[in-house]
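Trainee: I would like to go through the labels used for this model and ask what each one rests on. Please set the values against the cut-offs as we go.

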Amino acid sequence: MVRRCLLTFKPFRIFVVGIGFFSLCFLMTSLGGQFSAKRLTDSPFTVRTEVLGGVESRGVLRKISDMLEVIMKRMDSLSKLEHVNDSRRLEELSSAINRIQPAGLVERIQAIAQNVSNMAVRVEQIFQNSMAASRVVRDGTSGQCDVPRDPHFPDCPGKVDWMRSRWTSDPCYAFYGVDGSDCSFLIYLSEVEWFCPPLAWRNHSSPPVLQKNPPKRQAAFRTDLSALLDQVGTGKESLSFMKRRIRRLASQWATAAHRLDIKLRRRWREQKKILVHVGFLTEESGDVFSPKVLKGGPLGEMVQWADILTALYVLGHNLKISISVKELQGFLGVPPGRGSCPLTGPLPFDLIYTDYHGLQQMKQHMGLSLKKHKCHIRVIDTFGTEPAYNHEEYATLHGYRTNWGYWNLNSRQYMTMFPHTPDNSFMGFVSEELNETEKRNIQENKVKNMAVVYGKEASMWKGKEKFLQILHRYMEVHGTVYYETQRPPEVPAFVKNHGLLPQQELQQLLRKAKLFIGFGFPYEGPAPLEAIANGCIYLQPKFHPPHSSLNHEFFRGKPTSREVSSQHPYAEQYIGRPHVMTVDYNNSEEFETAVREIMRTKVEPYLPYEYTCEGMLERVHAYIQHQDFCSPEAPFPPANASRVWPRGPFTLLPNSTLLGWASNSTAPPCWPPLSALRLMVSKEGQSCVEACQTSGLVCEPAFFRFINNKEALSKLEIQCEVVELEVNHIFPAFSVTRRECGLQKELLLFSCAGFSAKYRRICPCRDFRKGQVALCRDCL
């Protein structure tokens, strides 16, 4: 009788009856569990031992378990059948249901609720397949959804098979109309993705609507930051810190905007649509920073992000800010789900600034679209990413794979806090700039025997007693170590600890102090620049050997092989004496000599131009206007190179041993311009970073493609018996002993940082503007 009833029902009614049956069982389970429970707090999903304790009950449960397993197997086989009619499916289903015995059903369902849920999902899939098949017949498209075997679309059959078994794995497929039928798979795979050919019976008569590019708008400098402060939002202490910083520096940003506008001669600038997604502050990434803002935690990242937001806003661009994955999804317009489906429309932004956490979140939610749109992304990366770590396949094969890196971006899309990795772009941050009156007051009120220690966490003071005792002989030592109730035991008793200070109070303390002393950690933070800007001399430890990912835990796993010679290499290399002294703290005599020299030395407050508001605006403006990683680069040298440059494009520069771009040669489009190129050869075992620095230049990765050729080797008078084209981050380079030359085959592996003891590198260097190492003299 049950079979006859099932055969007369329509599929939808069967589905409803099935769901009703399982719902009734679930309700009975809940009620049964509550009635049998002795405590009201027992969960209805808890299996009671007194109910299932008897031998008879266990036998019943085994029998029911066997029956349910039979049903599950029948369900699996039914869900895989494509060409079985409804009657056959219903007969199979009813025969399985007829074998269920009611005895002990309630108790057993309590223990197998998850199995029932899985069965309901499969019943729903069978129903959807049945309805889809009915729809195909009704619409007259039967036979038109056969999977095509087209050599131009070789992946189509495999993708259809994948969709048949996995289309419910992500809600985005249903969002695009996938319903379980082959027709819907083919429509999706041909119209949303690109794995299958267009279907002939689909309506393609109407011409596609062409997306008209909106008219370009002018970017005008802004000086009122109130709208930006509203956009930053509230709810996190990290955001409050960033807003306080934006307010405090607002007048300096306004002054800088006015100066830069005059320097650019009020030229027309295109307004860009920019998304800033601060991934490390999202709840999904864990946001370990916000709770530590008021407890001495690191602030460098928040300092930089606050300045990036302000610079982009002041430059006049159309800015959107995202601090959550939900906001990111909304701004990008990604379909709901887990990122398996691509974006179907154009990317709504010209540029996206994010970090490694945000990049991972974008990959998760953009799916296939990330590869298409990644040229628009700029990654804020404190310590830098070298090309060998950035190229996924190369990094995996040659031992450079880390938890970061491997994104196959152009290396200049990574933007660092300091200009330590020329392969990347230098983003930076700003320090407060003093006017002449403030500088004069600072010099008059300096306390020559007052030192402030760089270290807000008590753990940074461990093991530092020896040189602190030496320092205490000459100076009054002050600290700003965070504590809640009791003085941290790591801080010696002779240190005057002010606790964690607000930024303005810290500035006042630095304006009085003569010395700002580092313990070796944290690396490359903003505080030393702020101290130097307030008239302090910065004393820091020299590292023997230099710290790197090969010998120090902090750098292990970071996508760089860079060797850090001191706590703050930028201060050591680009500022230096008398503002910065770098000594060996393990040598007591050298340390004490440095302290005595500091007490005798008078310095004025100093801030490099690139860390002023104007310097950062100038640099970010140049990047936005000139850096383009989406347009394909023309091959070089061109096919007609011998006619365009009969003597080659390079020439010996006057009064120099370096080669430059010939002034009478037509320069292909490039930024920085090729007029800044200086071509040289490194020593064996020397990177192009070091080789260029020895000549007072910087390595420029954008120039590699112009020197990666036989013309450059010939002009440098390099003798090559063999010239090979290889995938190797050391190339272009040559071996003197073997007389072998290597050119680079993979453009993403052009590397300023690469070096080898066996090779001498061919290095593209450039000049730079004083105080603005990121820009050449002709770069604006």
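Mentor: Start with pairing: two strands pair if DSSP finds at least two bridges between them. The model is predicted.

Trainee: What makes β3 and β4 a pair?

Mentor: Three bridges join β3 (residues 351–354) to β4 (residues 377–380). The cut-off is at least two bridges, so the strands count as paired. They run parallel, and T354 stands opposite V379 in β4.

Trainee: Which sheet holds them, and in what order do its strands come?

Mentor: The sheet is open and has six strands, in the order β2-β1-β3-β4-β5-β6, with parallel pairing. The edge strands are β2 (318–322) and β6 (425–426), as each pairs on one side only. Helix α14 (residues 325–332) packs on this sheet, touching β1 (273–277), β2 and β3. The direction of α14 makes about 145 degrees with that of β2.

Trainee: How do you know that C156 and C196 form a disulfide?

Mentor: Their sulfur atoms are 2.0 Å apart, and the cut-off is within 2.5 Å, so the pair qualifies. With 100 degrees about the S-S bond, the link is right-handed.

Trainee: Why are C156 and C196 called buried?

Mentor: Buried means under 20% relative accessible area. C156 has 0% and C196 has 2%, so both labels follow.

Trainee: What can be said of the link between C375 and C630?

Mentor: The S to S distance is 2.0 Å. The torsion about the S-S bond is about 95 degrees, so this disulfide is right-handed. C375 is in the loop between α16 (369–373) and β4, and C630 is in the loop between α25 (613–626) and α26 (641–644), 255 residues apart.

Trainee: What is the handedness of the link between C699 and C752?

Mentor: That link is left-handed, with -80 degrees about the S-S bond. C699 lies in strand β17 (residues 698–699) and C752 in the loop between β20 and β21, so the pair ties together parts 53 residues apart in sequence. The sulfur atoms are 2.1 Å apart, and both C699 and C752 are buried. A search of the whole structure finds nine disulfides.

Trainee: What makes R164 and D161 a salt bridge?

Mentor: Side chains of opposite charge can pair when their charged atoms come close. For R164 and D161 the N to O distance is 2.9 Å; the cut-off is within 4 Å, so the contact qualifies. The two are three residues apart in helix α7, which means a separation of about one helical turn.

Trainee: Where do the partners E614 and K263 lie?

Mentor: E614 is in helix α25 and K263 in helix α12 (residues 250–263), 351 residues apart. Their side chains meet at 3.3 Å, N to O. E614 is buried at 11% relative accessibility, whereas K263 is partly exposed at 34%. Both belong to a network of salt bridges that links R259, K263, E614, E618 and R769.

Trainee: How do you know that R401 and E392 still count as a salt bridge?

Mentor: Their closest N and O atoms are 3.7 Å apart, which is within 4 Å, so the pair counts. A search of the whole structure finds 28 salt bridges.

Trainee: Last, why is L747 called exposed?

Mentor: Exposed means over 50%, and L747 has 54% relative accessibility, so the label holds. L747 lies in the loop between β20 (740–744) and β21 (760–766).

Terms used. Residues are numbered from 1 along each chain as its sequence is written. This is a predicted model: local features need pLDDT of at least 70, side-chain atom pairs count only at pLDDT 80 or more; totals for chains, interfaces and linings use all residues. Side-chain values use heavy atoms; hydrogens and water are left out. Helices (H or I, at least four residues) and strands (E, at least two) are DSSP runs, numbered from the N terminus. Contact means heavy atoms within 4.5 Å. Axes are lines fitted to C-alpha atoms, for helices over the stretch in contact, and angles run from 0 to 180 degrees between N-to-C directions. Buried means under 20% relative accessible area, exposed over 50%, partly exposed in between (1.4 Å probe, protein chains only).
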